[in-house]
Amino acid sequence: MDLNDTPEQAAYRARARAWLQENRAQAPVLSGPGALTEEAEIIAARRKWQGRLAEGGLAGVTWPEDYGGQGLGPVEQVIAGQEISRAGVPGILDAIGVGMLGPTIIAHGSEEQKARYLGPMLHGEEVWCQLFSEPAAGSDLAAIQTRARRAEDGSWVLSGQKVWTTNAQFASFGLLLARTDPDVPKHNGLTMFVVPMDAPGVTVRGLRQISGEAEFNEVFFDEVHLPADADVGGVGNGWRTALTTLMFERVTIGLGGEGLGYDPLRFARALLAAGAQRDPLVRKRLGEIAAELTAVRFTGYRVLTALQQGQIPGPEAGLAKVTTVNSAIAAGDLIAEVLGPDALASESEWAYMISFLPGLKSAGGTEEILRNTIGERVLGLPAEPRLDKGVPFSELRAKETAAQ
Amino acid sequence: MNLALSDEQVMLREAAREALSRVKTLEAARAALDGKQSLPDLWPTACEAGWPGLLIDEQHGGAGLDAFDAMLVAEECGRVLAGVPLLGHLAATAILSAAANATSFLPANASGERRAAYLPARPPADNDGAWSTERRSGLGREPVPAVGPTDGDGHAAVEGACAFVPDAPGAAVLVGAGERDGEIVAFAASSEQPGVQIEPVTRYDATRSLAHVTFAGAQAVILDCPIDALASAWHLAQALLAAESIGAVASALEVTVQYAKDRYTFGRAIGSYQAVKHQLTEVLRRMENGRSLLYYAGFAYRGAPAEFPLAAAAARCVAGGALDYAARAMISIHGGIGATWEHDAPLYFRRAQLSRLLLGGTEQATGRVAGEVFALAAR
């Protein structure tokens, strides 16, 4: 057991640190004096910075060299993240593309797709978004209704709606899960597509949340035409392809828990500033929060160890997200009780955190569905009896409609 | 960055599991509660396996291993609720190993021939500047024993008491902290002398050997060891208790998951109900968090000593909470039978209830986590 770098890892860290030292002046300033304020400016600057990071070997660390990556392991990816954070510069803009969607295309895409999309994705020239969740399909993702129909010439016509789409407002492409055959059981009739976000019929609308800000989008598809070769991983194989994306999502969550900024020291500083450090109840509550968040950090190292040994993290990685979100919620409650109503002032970082967390609890799967999945796949408990097994999706929908 | 167990660590764990499987520890725990028979003596098992010398270097007859290895063994003991008096012995040998004038004791401690017990002494925290030990009852803490002047042979007289000392009954030597002229010193006292009284106490969990220890003019060797070693022993004891607890959670979870698969109500296995499934995943969540912190504590003991108090306290806090939760879930998921004397669930529950009160209590560990985090935040 060793938390220190091997000589190779230390050499990589030194290279990353030196590169950042040399290039940090080019990084966009996002807070403090001289910070960029206009969203368009910020996005442009961060895209450019992502390109630099890719050239410096600090983005796409685990991507194969053939696609512009470094061909290195997850440890080096974590080292790159640590050094970026240490240098106080922003990381890549398109973490969803580079972390999840690119690897999905690498695993399932055609050679043409890899050649066309991966380079510009990695360099931030084209940002991607993930078009999976729908208003009526979140935890039960395979229940999506967005429909892709074959035209006579073999091309596709897409209609439907997606929701909770990060970065859609400036994305060039989306990876979209659609139903191509409603007459088979729901997991079997799905196909993954590449969708150009500037195609006629695509409408992106900001989705405001509790905080009042719109960090996600709704995306509408009205008879959007896609070429015949727009599918990724084959027609009818969409569920398998989606599982790959979700596996990379778990890896991303497993390795990047601290990226959300739910750091015990940040909470402790706020309580110290309010002079609350001697209160026994404050100590008890902060102690529990800090212990759990510290555990998540080491769970990340355990995930990393497993990855190094060639194991793929299972759904249990989702428990780290449950812990992180619930601990952060508890921290928000505690800090608000110490600061009083000022914690909820519109400019307060705590008001923002308190507003953001209830939604985050459901992101990447609600806590309830995660616990079901983990109970069944990890503990081997029997599944909840379900009424949709083996039933063609169209019949299922008809039954649901009749029941309402 | 690599948290994988070495081949030696895997072997250590497997050997421990195998050695402990030869004794029906759960049945013995129940019988001991009934007063029908005393607990089997597992010290010979420990000696045969080399556990007494885990933290003593090879030069002095030990295995020269690290805290994490000791925690692996503690976890296996916890899995079967075995009453192996290692917690007190290992913490005591960590102090003796750090003392320049105790090397002659070490071979007998390493072989297990002379068993040692650690007198828990809580080091100061950000909100409490004093060293303290457990009191027999009520809130608050007691001062550590008073130590008199050292004579020409390096001995001194000790006066005072330590309550609820783990593994003290039957220990040959008692190792702990005392106070002399406002300074903290480490001492080791033979239990075989008139000035030492060891009064065994059983509280709720018969597998936990405890005693109230009283020193009345007892002669002790003053140990030439840094005060940090005394503080580290306290945190080590917290980490070992956390490891034991995680072991108990793991086996409680296995038993309860199996029951949730086997037991049917309303035509389906109870484990298929979300209300049951979610409780069990909560046990898993708490267990995995606790285990992650065992890695942290195991790493920090030597790899980052400044972080060891935080790591050990966090492990104690989370593992203690995990065992409380797991024992209650075990009872409730088993339904009425889980609350009967014949079932194993009450043994886990008893283990949880007593463990949370020992060595300062789980709550103080939680407070220490906060104190350590406040200290880091104030930098």
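Two strands pair if DSSP finds at least two bridges between them, and helices (H or I, at least four residues) and strands (E, at least two) are DSSP runs, numbered from the N terminus. This is a predicted model, in which local features need pLDDT of at least 70, side-chain atom pairs count only at pLDDT 80 or more, and totals for chains, interfaces and linings use all residues. Residues are numbered from 1 along each chain as its sequence is written, while chains are lettered from A and ligands numbered from 1 in the order in which they are written.

**Exercise 1.** Describe the side of chain A that touches chain B.

*Solution.* 
- Step 1: count the residues in contact (C-beta atoms, placed from the backbone, within 7 Å). Chain A brings 46 residues and chain B 42 residues.
- Step 2: list the elements of chain A that give two or more residues: α7 (264–273), α8 (280–308), α9 (318–339) and α11 (367–377). Of these, α8(A) gives the most, with 17 residues.
- Step 3: sort chain A's side into 23 nonpolar, 11 polar and 12 charged residues. Ala, Val, Leu, Ile, Met, Phe, Trp, Tyr, Cys and Pro count as nonpolar, Asp, Glu, Lys and Arg as charged, and the others, Gly among them, as polar.

Methods. Two residues are in contact if their C-beta atoms, placed from the backbone, lie within 7 Å.
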